[in-house]
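Take a look at the protein below. This report walks through some of its local features, one region at a time.

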Amino acid sequence: MSAPPSPRLVLATYTAAVFLSALLLFAVQPMFTRMVLPQLGGSPSVWSIAMVFFQTVLLLGYAYAHWLAKVRRRIVPVLVHLALLIAAALTLPLSIAQGWGEPPASGTEFWLLGLFAVSIGLPFFALAANNPLLQSWFVNTGHEDGKDPYFLYAASNIGSFLALLSYPILIEPIFAVQAQSRLWSVGFVMLTLLIAACGVLLLRAPPNAQVVHEAPATPKPSWRTIGRWVFVSAVPSGLLVAVTAHISTDIGAAPLMWVMPLSLYLLTWVLVFARRPPFSQPFMLLLQPFAIAGAVALLLISGYVPLLPNLAAHLLAFFVITMACHGELARSRPHAAHLTSFYVALSFGGMVGGLFAGLIAPYTFNWIAEYPILVFLAVLCRPAMPKAWAPIERFLPPVAFAIGRQINRWFWPAAILVALVLLVPSFFGFQITYAMTDRLNALVLTLAGLSILFMRDPPKSALIVAVALAVIRFYPTDESRSDTLRSFFGVNLIYETHDRHFRIIKHGSTLHGAQRLLTAEGKPPEGKPEPLTYYHSKSAMAVVIDAVRARKGGPIRVAVIGLGAGSLVCTIGPNENWKFFEIDPTVIAAARDPKRFTFISSCKPDLPIVLGDARLTLAKEPDGAYDLIIVDAYSSDAIPVHLATREAMAVYKAKLAPHGVVTMHISNRHLELQSVVVGIAAANDLKAWVYTNANEEEDEDNYIFGSDVVIAARELADIGALNGVPTWTLTEPTPGLRTWTDDYSNIFGAFWRKFKL
C-alpha cells in the first residue's frame, strides 16, 4: 500500500483547485454577459436575468455535489466529475450559440435564459459543483483541517472576489472578448488537471480517514433551521440584483457596474467565514439598522445626491446589510457532516432571491418595487436582540423603563393606526403639494430613525420601515399624476410637474422628453406642440437638421434611433420621410398615446416606428437610404455600447446617401463619449465635428437644455453651412485611445475621463 499523501500537498492542491475554480466561475459571468449584451440593446436587465441563470445553475451544481458526496465508493464521484469536466471542456472556447436568432418582441427574459443555457450551461454547471464537492473530498482525505473545512469557502470567495475586481479594471480594458474567452478556456483545462490531482489524493488517503465519521453523531438540521437559511440567504441575493439594476440604470449596463455590488457580496462571504472574522457578528447586527435606515433615506433623496456619493452610499448600505445576513448564516453553520446540505440551502435561497428580483418582480410590478421590499425583508433577517441596548440602559432612570413598557404594550395598535392615517388618503386621490415636500421628507426620515430605536424587536422595526417606504411610494415629492411603464428595458416614469405646466417622461434619474401643457399664463398652448429638452428650436439637433435640409435643397430622408416622447417628430418638414427605431415597446406606446404626449398624434400620426434593437433593424434598411441618421441613445442612463462601436458606425455609414451625415447625441453626466465617437468615425474614414453644451443657452425652468453632439460625414461639404462655424470643431481622434469595437469597449475608461474633467 502506498504511503498517504503529505498533508501540505493535500492542503495546497485543494486550496489551489478551489481558488481557481471560483476565479473561473465568477470571471465567466461578466465576460459572457458582456458578449450577450449587444443582443438585447444594452439593457441593465440583461445582468439581472444573467444572475437568475447563474444562481439557478449554482443550485443545480450544489445539488449534484450533494448527491455525489453521498456515494460511498470514492472512485465513483471522482470519475463522474472528471467525465463532466472533460465533456464541458469539449464545448470550449465559450461563444454565443449559433442559430439562436433575434430576441422576440415578448418573453425576452426566457429567450435569454435559453441562450445562456445552450451557450455556457455545461461548463458553468461543472464549475458550480466544485466548491462543495471539493470541500467534501477534502474532509474525507483525513486532513486535520477537515474538521472545519469552511475556510475553503473563504478561499473560494477570495478567488471570486479577485476575478470580479480584475475584470473591469484589468481584463476588459486590455483584452478583446475573444481573447478573454481563449484565456478562460486555458484556465478551465488547468482546473480539470488540478481536480484530477485532488481526486488522486482522495483515493490515496486511507479508507478510514474520514473526519466526518470520527466526530460524534450530530443531528440533522431541522426544517425550521433550513427554512431560516433559505430566507436569510435569499434577501441579500435579491438585494444584489436590485442594487445592481438601480446603479446600472444611471451609468451603463457594463461589467464595471455589475462587479461592484457582486464583489462586495462575495467579500462578505470571505469575511464571515474567515477563521478570525475582522468584524464580530454583534457589531454588524448593531450597524445593520443604521444601514437599513440609510437605504430608506437614499430611496427618498437619491435623485438629488451627486453620482459618486449616491453610488457609495447605496453600496455601503448593501454591504452592511449583507454582512449582517451572511454573518447569521456563518454563525449557524452546521457540522461538516452536513456541509453539502448547508450549501444546497444557501444556493436555493440565492436562487429564490434572484428569481424574485430579476424575474418575478419585473413581471408583477410596474415600478421598481423589489428594492424597497427587500430592504423591508432585511429587517426580518436579524435575530431578536433583547439586550441590544444593555450598555445604555444602565444609565437610564427607572421612569424610562416604565415608558418603554407602555410603548411595547401599545405599539401595535398605535403603529397600525398611524399607518392608516398616513396611507389611506393616498387611495382617495390625495396628493401632497410642493410646499408640503419638506414636511413629508422629515416624516420619512423620522420613521427611519424610529426603526433604529426598535432594532432589538425586528417585527416592530420592520413595520416602521414598511410605513416609511410606503409613504415614499404613495406620496412622490417631485411629481404629480404619475404613471409608470415597465418592460425588460427598464422603468419609464411619466408625470406632471407640480405646477401642471409640463408632462415629463423619465428613465432612472434622466429626462427623455417633455411637453408643455400650459403656457406661462396658464392656458393650453395653441398649434403643434413645441419640442423641448435637447430638441428645442435653437438646439444643436435642430441646427444639424436645418443644415442638412439646406445643403440638400429639399426634403430629406431621416432615420432616428431612439424615440423618447417623440419630440423630433414635430421637426419633420413637408414631403420628408422619417423613420424611427425604438427597442422599448412601452416607450412607443407612451409616445403614440395622445393622453400622454401629442407630438406624434399632432405632427405625424402615421409615423413609421420599427420595434427592435436598432443595430439589427437599421442593418436591414437599404444601403444609401438616408440623408441623415440621428443616434439619440446616449443621454445619460444605461448606454447601449454596441451602438457606439466601429462596426456600428460602419452600419450607419452604409445606410447614408452620398453626402449624408450621422449625428450622435452624447450628452452624458457620467461617461466621456466624445473621444469614443470621434474614434469610431475615424476608423470608418469619416470626419467628426464636436459641439458642446457650453455653446448653448439653457432655461431649465422651461425644460430647455444644452447638449453635446458629434456629427460625422465623409467630406467637409457634407455638413453644409456648419463647415467653418466656430461652435462646431473638427476633431481628430485622441492619440493612444483604443477604438471601441464589438469585441472591445472600456466603460471604466470613459467613466474615469469624465471624472477627471
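Which helix gives the largest share of the nonpolar patch? Helix 15 (residues 398-423) does, with 3 residues. Keep in mind that this is a predicted model.

**The surface patch**

The patch is nonpolar and lies on the surface. Its members are Trp412, Ile416, Leu420, Val424, Phe427, Phe428 and Phe474. Together they have about 740 Å² of accessible area. Phe474 sits in helix 17 (residues 458-474). Its relative accessible area is 36%, so Phe474 counts as partly exposed.

**A buried serine**

Now turn to helix 12 (residues 339-364), which holds Ser347. Is Ser347 buried or exposed? Ser347 is buried, because its relative accessible area is 4%, and the cut-off for buried is under 20%. The side chain of Ser347 reaches the backbone oxygen of Val344 at 2.9 Å. What else does Ser347 touch, leaving aside its neighbours within four places in sequence? Ser347 is in contact with Gln55, Leu58, Leu59 and Tyr62.

**Backbone features in loops**

Some loops deserve a look at the backbone. Leu92 and Pro93 are joined by a cis peptide bond, with omega about 0°. Pro93 belongs to the loop between helix 3 (75-89) and helix 4 (108-140).

Thr533 is not a glycine, yet its phi is positive, about 50°. The loop between strand 4 (510-516) and helix 18 (540-552) contains Thr533. With a relative accessible area of 1%, Thr533 is buried.

Asp685 also has a positive phi, near 60°, and is a residue other than glycine. Asp685 lies in the loop between helix 23 (674-682) and strand 10 (687-691). Asp685 is exposed, because its relative accessibility is 64%.

Helix 23 itself is mostly covered. How many of its 9 residues are buried? The count is 7. Among them are Val676, Val677, Val678 and Ile680.

**Salt bridges**

Side chains of opposite charge can pair when their charged atoms come close. The whole structure has 17 salt bridges.

| Pair | N to O distance | Relative accessibility |
|---|---|---|
| Arg34 and Glu172 | 3.6 Å | Arg34 6%, Glu172 3% |
| Glu496 and Arg500 | 3.9 Å | Glu496 6%, Arg500 27% |
| Asp742 and Arg615 | 2.6 Å | Asp742 33%, Arg615 14% |

Start with the salt bridge between Arg34 and Glu172. Arg34 lies in helix 1 (residues 7-36) and Glu172 in helix 5 (residues 151-174), so this pair ties together parts 138 residues apart in sequence. Arg34 is buried, and Glu172 is buried as well.

In the salt bridge of Glu496 with Arg500, Glu496 is buried, whereas Arg500 is partly exposed.

Next come Asp742 and Arg615, whose side chains meet in a salt bridge. This pair links distant parts of the chain, 127 residues apart. Asp742 is in the loop between strand 12 (729-731) and helix 24 (747-756), while Arg615 is in helix 21 (residues 614-619). Asp742 is partly exposed, but Arg615 is buried.

Which residues do salt bridges with shared partners join into one network? They are Asp483, Asp593 and Arg596.

Note on methods. Residues numbered from 1 in each chain as written. Predicted model: local features only at pLDDT ≥ 70, side-chain atom pairs only at ≥ 80, totals over all residues. Heavy atoms only, no water. Helix = DSSP H or I, 4+ residues; strand = E, 2+ residues; numbered from the N terminus. Buried < 20%, exposed > 50% of the residue type's maximum accessible area, 1.4 Å probe, protein only. Polar contact = N/O pair within 3.5 Å; in protein donor to acceptor, adjacent residues only side chain to side chain. Contact = heavy atoms within 4.5 Å. Patch = residues over 30% accessible without salt bridge, like charges linked within 9 Å, V, L, I, M, F, W, Y side chains within 5 Å. Areas by Shrake-Rupley, 256 points an atom, 1.4 Å probe, with all protein chains shown as cover. Salt bridge = Lys/Arg side-chain N within 4 Å of Asp/Glu carboxyl O.
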